[in-house]
Amino acid sequence: MKYSVFSLLKNTLSGHRNWTPAWREPDPKKHYDVIIVGGGGHGLATAYYLARQHGITNVAVLEKSYIGSGNVGRNTTIIRSNYLLPGNEPFYEWSLKLWEGLEQDFNFNAMVSQRGVINLFHSDPQRDAFARRGNSMRMHGVDAELLDRDRLREMVPYLDFDNGRFPIYGGLLQKRGGTVRHDAVAWGFARGADMAGVDIIQNCEVSGFRFDQGKVVGVETSKGFIGASKVGMAAAGHSGQVAEMAGMRLPIESHVLQAFVSEGLKPYINNVVTFGVGHFYISQSDKGGLVFGGDLDGYNSYAQRGNLPMVEHVVEAGIAMMPGLSRIKVLRSWGGVMDMSMDGSPIIDKTHIDGLYINCGWCYGGFKATPASGWCFAHTIANDAPHELNAAFRLNRFATGDMIDESGNGPTPNLH
Ligand SMILES: Cc1cc2nc3c(=O)[nH]c(=O)nc-3n(C[C@H](O)[C@H](O)[C@H](O)COP(=O)(O)OP(=O)(O)OC[C@H]3O[C@@H](n4cnc5c(N)ncnc54)[C@H](O)[C@@H]3O)c2cc1C
């Protein structure tokens with residue numbers, strides 16, 4: 001069913017009793033051309049683009065729980081392409097371009113809101129670093145604007161500009177950055193893929209791989225064996241566990257990241273704002289809740305919940321940036337499992353096993369990458385070779401020394 005103003009009118013007149021489910025609940029077939037392990041944003045987007053860009057529709061997405069139960073439905077919804085390094089910037093900019101046309105493309109309202117992302121800086125050297133990043137973005141044809149203190153104060157007057165310890169000197173603005181309703185992205189890609197013929201199989205956990213003469217021939221699942229000519233792993237925080245079933249040890253650590261939502265307030269924060277001296281970022285949802293987050297909990301875990309010391313740490317950083325936050329009640333918080341890579345950049349590649357492909361290492365920035373990740377992973381699977389946009393995201397770059405260390409923190413996954 002195509003969504004439009006006409007379908008809305010028609011269904012209004014029939015009392016909204018005739019809407020059809022957004023996607024089917026099929027039983028798995030015996031064999032698929034491609035199986036994607038993991039029905040998060042990246043897995044669903046991959047299936048969508050396999051069907052839409054490459055005409056490969058005999059595809060199944062196998063999800064161990066329900067669609068949207070992983071990080072795609074747990075993140076703080078920020079999209080942007082304000083990267084410094086050549087390997088990253090073209091990829092994330094392509095993602096932002098895909099976001100800009102996505103709702104029309106998959107015929108679903110994902111509430112893409114380009115409200116602007118502002119990164120605050122608090123010292124002269126930090127201004128230099130942000131100016132460099134902004135220049136690098138502009139050299140890639142991406143919008144970036146360095147805001148001085150007065151201009152920033154007009155835009156975000158509620159910040160503590162004269163904080164004795166962390167005074168605010170200005171900010172780097174990317175106007176085209178913003179937010180997207182995260183679970184609508186999962187639903188939109190799921191519906192779009194289903195309409196193109198992809199089978200989305202929920203509550204189907206992959207528990208092993210089957211190989212024949214060094215080539216993948218299918219996966220063992222909680223619904224039995226399912227054959228496949230090619231298999232793509234897109235399990236995000238559980239990538240290490242899934243790859244281990246194929247005998248692979250990944251350069252990935254799993255960590256918990258928490259998110260917080262306050263009580264609903266009148267419109268107050270018009271942009272996404274990030275603190276420059278601690279890890280803290282905030283935006284306001286259309287329902288009025290302030291949505292914010294900060295650092296990883298700091299220990300390896302597969303639990304989708306966090307601990308209290310990080311709550312205190314995040315709130316401290318938030319109040320240093322924005323004292324008014326101390327008067328606001330937090331209503332909800334939750335955690336997600338992050339696939340932290342050694343250099344903070346992702347992996348989209350073939351593996352050494354014929355027919356087996358990998359997509360992981362999204363750290364805590366993979367939501368914004370969802371469309372481009374699916375687009376590039378679909379290309380890699382369909383052509384058995386990476387697209388130039390993901391050519392740098394190789395699995396073996398840690399062996400060859402071609403790291404893409406955007407934050408300059410070295411091989412310390414929890415610091416990226
Ligand atoms: C609190 C928080 C805030 C974040 N904020 C942002 C942000 O503002 N901007 C941004 O860009 N990124 C953000 N991220 C990161 C982003 O959400 C992730 O990088 C991204 O969603 C990961 O890709 P995914 O959507 O495919 O993951 P997921 O949705 O986790 O998908 C992976 C799926 O694989 C399934 N799976 C695992 N093992 C198996 C198996 N054996 N068999 C079958 N299925 C399996 C899981 O159930 C899961 O549904 C945030 C993350 C968190 C937790």
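Let's start where two helices meet: the axes of α3 (residues 89-106) and α9 (residues 370-383) come within 7 Å and cross at roughly 105°. That makes α3 roughly perpendicular to α9 (the label covers angles of 65 to 115 degrees). Keep in mind that this is a predicted model, where local features need pLDDT of at least 70, side-chain atom pairs count only at pLDDT 80 or more, and totals for chains, interfaces and linings use all residues. Residues are numbered from 1 along each chain as its sequence is written.

**The helix contact**
- On the α3 side, the contact is made by F91, W94, S95, L98, W99 and L102, and on the α9 side by P371, A372 and W375 (contact: C-beta atoms, placed from the backbone, within 7 Å).
- Those residues divide into 8 nonpolar, 1 polar and no charged.

**A hairpin**
- Strands β9 (residues 206-212) and β10 (residues 215-221) pair in the antiparallel sense over 6 bridges (pairing takes at least two DSSP bridges).
- F211 stands opposite V216 in β10.
- The hairpin of β9 and β10 has 2 residues between the strands, and Q213 in the turn has a positive phi of about 50°.

**The whole chain**
- In total, the protein chain has 10 helices and 18 strands (DSSP runs: H or I of at least four residues, and E of at least two).
- The C-alpha trace spans about 65 × 65 × 40 Å along its principal axes.
- Of the 416 residues, 49% count as buried (20 or more other C-beta atoms within 10 Å of a residue's own).
- Residues 24 or more positions apart account for 75% of the contacts with a separation of 6 or more.

Technical notes:
Axes fitted to C-alpha atoms, helices over the stretch in contact; angles between N-to-C directions. Parallel < 35°, antiparallel > 145°, perpendicular 65-115°, else oblique. Contact = placed C-beta atoms within 7 Å. Nonpolar A, V, L, I, M, F, W, Y, C, P; charged D, E, K, R; others polar. Buried ≥ 20, exposed ≤ 12 C-beta atoms within 10 Å, placed from the backbone.
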